[in-house]
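This report walks through one protein structure. Please look it over first, then read on.

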Amino acid sequence: ATLLVGPSQTYTTIQAAVNASTSTHASPDTILVDAGTYAEWVQIDTTKDSLTLLANVASVGAKTITAPSNGVDEYGGNLTVSTGHLVSVTASNVTIQGFTFNGNAGFKGNGAAGNASVTIGSGNTAIYINASKGISNSYSTANGVSISNLTIRDNTFLNLGDDAISLNNTVSGGNISNNVISNYGASSNWWAGIFLGENSYANVSNNTITVPYRTYGIQIDDIASSANSTISNNTITVGQDSIGITINLLWAAAGNITVANNTVNAAANVVASNPYGGCQPTRGINVFSVTAGGVNIPDNKVGNSGGNFDRGIDLWNVQNRVSINGSSVNRSMFGVQVEGVEQTYGSNFYNTGVTLGLTNLNVTAYAAALKVTNIQQVANGPTPNSNINVTFTGGSLNANIGNSSVLAVASANGGYYANV
């Protein structure tokens, strides 16, 4: 069945149509939403299997879901930049397509309950944020409900306090594509445009993300079950001290994450301010703590235009195989950095071995095209004088091994350090 929402339709709010829906996997419903601004918290609960929430393209104008202006969040408390999820999904097989998710409820001062004035980024204009997340799989009585096959596509997200899209606690078979995401993470540092955590898997493709100051574009975190995700064909512009794509804590023995064909550039005003460690270097692609499974990074373009990265591709504590194939890294202080000690976090972890594949990789860097630091053993690298089709230009080639016993020797093309 199709349920119509709009000022002159059967339902004037999206939630009223959701409540009326009897959608099941065998008999799915579509909620078709006309142009307008819908100031409400939408909750698609576990009984609404296979529901589609669809913006009506025949109705001219934006279909905007925004925070209510009454100063109360969906939990019944005072609305702040850390509360309020515009759409909470705890049903499986749900599709959400064609909307604008705007966390700004329109407050213009500090007199209204729950209002907060915050600045996104250094030197940016203050905006007023009144919702935490755009879409999540949490709501007032459940945090991180296990769901499957959530599709989020062709939407715009802006003015959100935390993550724009936040999925955690076992979400499988997701598809997040063709979304435009900006102005998020204002409540504090290190939120993400797209966050997949605690065994949440999705294919994330063809999104355009503008990453604010000290936040992530796409973040995958805390993966222990054996499933696969692909991050592909996204266009990401990274702000100062931020990270375009970050993958952390991959423990799954059979899990693999592919990061392919993405374009990741620093914003025009970004400078490489922390090239030798210290506080929050700006990075294009960052892979931390891969103790099982594998991460494949083929055919990405990092730093082709815009400002400068501290580290184009940064690898820390990658005990299992990471392969970087057919990619280009430019406009970076260090093109590819492989490290056993992460100075940013003060960790003293030393790798016991790294399996690193580099093929058809082109790097232009200011200080070092490839930097290897504090690695006890670099295993399974090409032997010196082998032809590995890697070209490094610019800067010097640097292998800072620290106190470990490994020796570093450049290969025939002068661009790779390998164990001998």
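Ser232 sits in strand S24, which covers residues 228-232. Helices (DSSP type H or I, at least four residues) and strands (DSSP type E, at least two residues) are numbered from the N terminus. The model is predicted: local features need pLDDT of at least 70, side-chain atom pairs count only at pLDDT 80 or more, and totals for chains, interfaces and linings use all residues. Residues are numbered from 1 along each chain as its sequence is written, and side-chain values use heavy atoms, with hydrogens and water left out.

Is Ser232 buried or exposed? Ser232 is buried, because its relative accessible area is 12%. The cut-offs are simple: buried means under 20% relative accessible area, exposed means over 50%, and partly exposed lies in between (1.4 Å probe, protein chains only).

Which residues does Ser232 touch, leaving aside neighbours within four places in sequence? The contacts are Val204, Ser205, Asn206, Ala260 and Asn262. Contact here means heavy atoms within 4.5 Å. Asn207 is 25 residues from Ser232 in sequence, and the two C-alpha atoms are 8.8 Å apart.

## The chain as a whole

The protein chain has one helix and 41 strands. It holds 420 residues, and 58% of them count as buried. Consider the contacts with a separation of 6 or more: residues 24 or more positions apart account for 78% of these.

The chain exposes about 15,000 Å². Carbon and sulfur atoms supply 46% of that area. Accessible areas come from the Shrake-Rupley method with a 1.4 Å probe; for residues, only the protein chains shown count as cover.

## Salt bridges across the sequence

How many salt bridges does a search of the whole structure find? The search finds five. A salt bridge is a side-chain nitrogen of Lys or Arg within 4 Å of a carboxyl oxygen of Asp or Glu.

One of them joins the side chains of Lys133 and Asp162, at 3.4 Å from N to O. This pair links distant parts of the chain, 29 residues apart. Lys133 is in strand S12 (residues 133-136). Asp162 is in the loop between strand S15 (156-158) and strand S16 (165-168). Lys133 is buried, with a relative accessible area of 11%. Asp162 also counts as buried, at 3% relative accessibility.

Another salt bridge pairs Asp241 with Arg214, and their closest N and O atoms are 3.4 Å apart. Asp241 lies in the loop between strand S25 (235-238) and strand S26 (243-250), and Arg214 lies in the loop between strand S22 (208-211) and strand S23 (216-223), so the pair ties together parts that are 27 residues apart in sequence. Asp241 is buried at 8% relative accessible area. Arg214 counts as buried at 18%.

## A salt-bridge network

Arg311 and Asp314 meet through their side chains in a salt bridge of 3.0 Å, N to O. Salt bridges that share partners join Arg283, Arg311 and Asp314 into one network. Arg311 is buried, with a relative accessible area of 0%. Asp314 is buried too, with a relative accessible area of 0%.

## Asn168 in its strand

Asn168 is placed in strand S16. Asn168 counts as buried, because its relative accessibility is 13%. Leaving aside neighbours within four places in sequence, Asn168 is in contact with Asn137, Ser138, Gly144, Phe195, Gly197, Glu198 and Ser200.

## Loop residues

Asn269 is in the loop between strand S28 (263-266) and strand S29 (283-290). Asn269 counts as exposed, because its relative accessibility is 64%. Gly306 is 37 residues from Asn269 along the chain, yet their C-alpha atoms are separated by 7.6 Å.

Two other loop residues have a positive phi without being glycine. For Asp154, phi is near 60°. Asp154 is found in the loop between strand S14 (151-153) and S15. Its relative accessible area is 30%, so Asp154 is partly exposed. For Asn183, phi is near 50°. Asn183 is found in the loop between strand S19 (180-181) and strand S20 (192-197). Asn183 is partly exposed, with a relative accessible area of 30%.
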